[in-house]
Amino acid sequence: MLPPNVSAANFNRALAAWRTAVGSDWVFTADADVALYRDAYSPYWDEPEERVASAAVAPSTLEQVQAVVRVANQYKVPLYAISTGRNLAYGGSAPVYSGSVVLDLKRMNRVLEVSERNAYALVEPGVSYFDLYEHITKHNLDVWIDPPDPGWGSVIGNALDGGGGWTASPFRDHFGAHCGMEVVLASGEVVRTGMGALPDSKSWQHNRWGCGPWVDGLFRQGNMGVVTKMGFHLMPRPETMQSATVMVTRAEDVVPLIDTVNLLENQHVVNGSTQLFGGGAQWQVQVPIYGPEKVVRAQIEYCRDKFAKIAGSRFTEGELIRTPLDAATLNRVRKVNFGVPDLSTFAMLGRNAQNPAPPGGNIGFSPIIPRTGEAVLEYSKFYRDNLAAISEGGALRFQGPVFMTNWDRTLVAMIMFPIGRDKVMNAKMRTAFEKWVALAAARGWAEYRAPAAFQDQVAKTYSYNNHSLTRMRETIKDALDPNGILSPGRYGVWPKHLRKV
Amino acid sequence: MTTRRRFLQATAGAALPVSMHSLAAAAISPQRPPQFRAVVVGSQPDAISFGQHFAAGGTPVHALAEDEITSLWLGTIRPLWLAGPVAIAGVTQPATLFCLEQLAWSHGLRVAFHAEHVLQADGSTVHQLQRGAAAAGVTATHLARAGATWPTQLAQAMATHRRHRWDPRFGPSLASLEPALPPDAQLLSSWIIAPA
């Protein structure tokens, strides 16, 4: 397979130049090797529209990344940068623009620094949560990471795609917790952001803003450069964690329930990842708190008082868990809530009594709605009202809505779509997904993150003032990457020559 | 003889004691130390039978509780593969194979054998061999004829699995996406992950 609009002669020249730059062992062109970059959960699996790579190249150093990008620019070969390629449900390691060459950064797997004293890490893109956890454990450092679910992916990749975790705020907003980047631009030039722009900076991971316009956001869900280093603030190990569960039994009480959660989070009394469950008349929320034991106990009491104002609510105090956890305790708690990466999510998504016919794959529709009880009730009704028609009378088995309050001030109302080997069913799921995107956008709800196959559609829903945000992004893209070689189409940002009218 | 009770006790979170002799290791990877491992879902009788065959030959067998692979990965497979690419085999839920396959690629290993076993509500099992059948010398008919002893037959076949020089390097297996199953059926995957 050739990259689009690239001649065989030029592609071969590019491959030869990459072999010189990174070594022939690290340029992959054989079908079986390139196939490893397919999206395991592609909603177009084995269909002509499935997005696939033409080749892959895996540099191990900053200088090699620069060389690869310069060659791509010379021959106008589109690249698609991945970290460890585990962005499952959002495109995996497959390019958005079919035929691109995957720029695989998993060999850049060095933990460059972990400061216990100032609680930060500086890593390369190939460092997984498992790797960073192992480094911290091995060196007996008293800091926690914030792993997502599952924890086998890249720390940088998850942050850049907008991922999140399960410990305390602000660490579980992974992009929000970053501090400083090193980026290779399409020209091959290297930029360091924030305080890193000072030669021999001593404070790169101490302040994220630096001076002047902040540009890091261009690289979140972006295609303006290749991030080769990134700093992250870590959480000093908290002494304890205690959670409480609050239940209400009248539908309308979800309004004061969420208002109270919001107040407690915005006051920084509740700092853990709250979780909202329920529907109909019964709703419950979990409010975890991390910190010193004396403080946590006082915070729990404060929470009890606040929730008691909701008549008929039931407040149940959970176990106070001291850290570090012993093995027995770790085995009975949800590991990611305690900074320990794991893969149990795959067992949960696998075949079990609650889910007797799992399809294997899944993709998520993840619109953000206001963080109010009224919005939860409205979205629940919206889902019920449209479910029968979109699900073809229940034949398409979505799972949702799941109301996720993982991030401060944010509420994601997720619907999970199964993806399996049945192409007819997958096509119906795609159609259903598109309908939910359109219907939600018409109500003012849009996604924070989307599978590669739907990124264009989602980007188009952000259409205020004749798509002025998209047009601004395109202007920046054209300036930074005039040949449009870096991840064309990622999150709906296309270079000029591929832009659809 | 390894009994089911002994097998489960010995494999509850840990491998059976390592014997110097490993039938499967010798067959699959004759130049490598006998570090071959088997992985089975510890609550499934067919998987347990499969594991018992390997355990009887001295192969370390890991029984997974509820298909939870994190501790297996961090505690055993990852250190093993960091030292070098070593073959492993298993009868597990598809999700376990999917996870191990994804992790294997970064360590120079691929799925060399993959079969699916649909355990039907009437007690029968339908076998579908996805890859590597010729190298293992096994067919779906062969396994069907074995009836309830298919796990043992399969383990014997895997123990003699021989990868040929002309074998293709495989791409991804079908582990990520599952087939539609009849009502109340269950799906097991059997597999070998071996150096590419």
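Me: What pattern does chain B follow, read along the sequence?

Reply: Along its sequence chain B follows α-α-β-α-β-α-β-α-β-β-α-α-α-β, with eight helices and six strands; helices (H or I, at least four residues) and strands (E, at least two) are DSSP runs, numbered from the N terminus. This is a predicted model, in which local features need pLDDT of at least 70, side-chain atom pairs count only at pLDDT 80 or more, and totals for chains, interfaces and linings use all residues. Residues are numbered from 1 along each chain as its sequence is written, and chains are lettered from A and ligands numbered from 1 in the order in which they are written.

Me: And what is the mean pLDDT of chain B?

Reply: The mean pLDDT (the predictor's confidence in each residue, from 0 to 100) of chain B is 80, and 78% of its residues reach 70 or more. Over residues 1-34 of chain B, however, pLDDT stays under 50. Where pLDDT is low, the predicted coordinates should not be read in detail.

Me: What ipTM does the complex get?

Reply: The predictor gives an ipTM of 0.92, together with a pTM of 0.93.

Me: OK, chain A: in what order do the strands of the open sheet come?

Reply: The four strands are ordered E1-E2-E4-E3 with mixed pairing, where two strands pair if DSSP finds at least two bridges between them. Strand E1 (27-28) and strand E3 (79-82) of chain A each have a single partner strand and stand at the edges, so one side of each is left without a neighbour in the sheet.

Me: How many bridges join E1(A) to E2?

Reply: Two bridges join E1(A) to strand E2 (residues 55-57) of chain A, and these strands run antiparallel; A:Phe28 has A:Ala56 in E2(A) as its bridge partner.

Me: Switching topic, which residues have the most contacts inside the largest nonpolar core?

Reply: They are A:Val57, A:Val68, A:Leu103, B:Val40 and B:Ile193, in a core of 189 residues. Such a core is a set of buried Ala, Val, Leu, Ile, Met, Phe, Trp, Tyr and Cys residues joined through C-beta atoms within 7 Å, and buried requires 20 or more other C-beta atoms within 10 Å of the residue's own, with C-beta atoms placed from the backbone.

Me: What does A:Val68 contact?

Reply: Leaving aside neighbours within four places in sequence, the contacts of A:Val68 include A:Trp18, A:Val57 and A:Leu103, a contact meaning that C-beta atoms, placed from the backbone, lie within 7 Å.

Notes
Contact = placed C-beta atoms within 7 Å. Buried ≥ 20, exposed ≤ 12 C-beta atoms within 10 Å, placed from the backbone.
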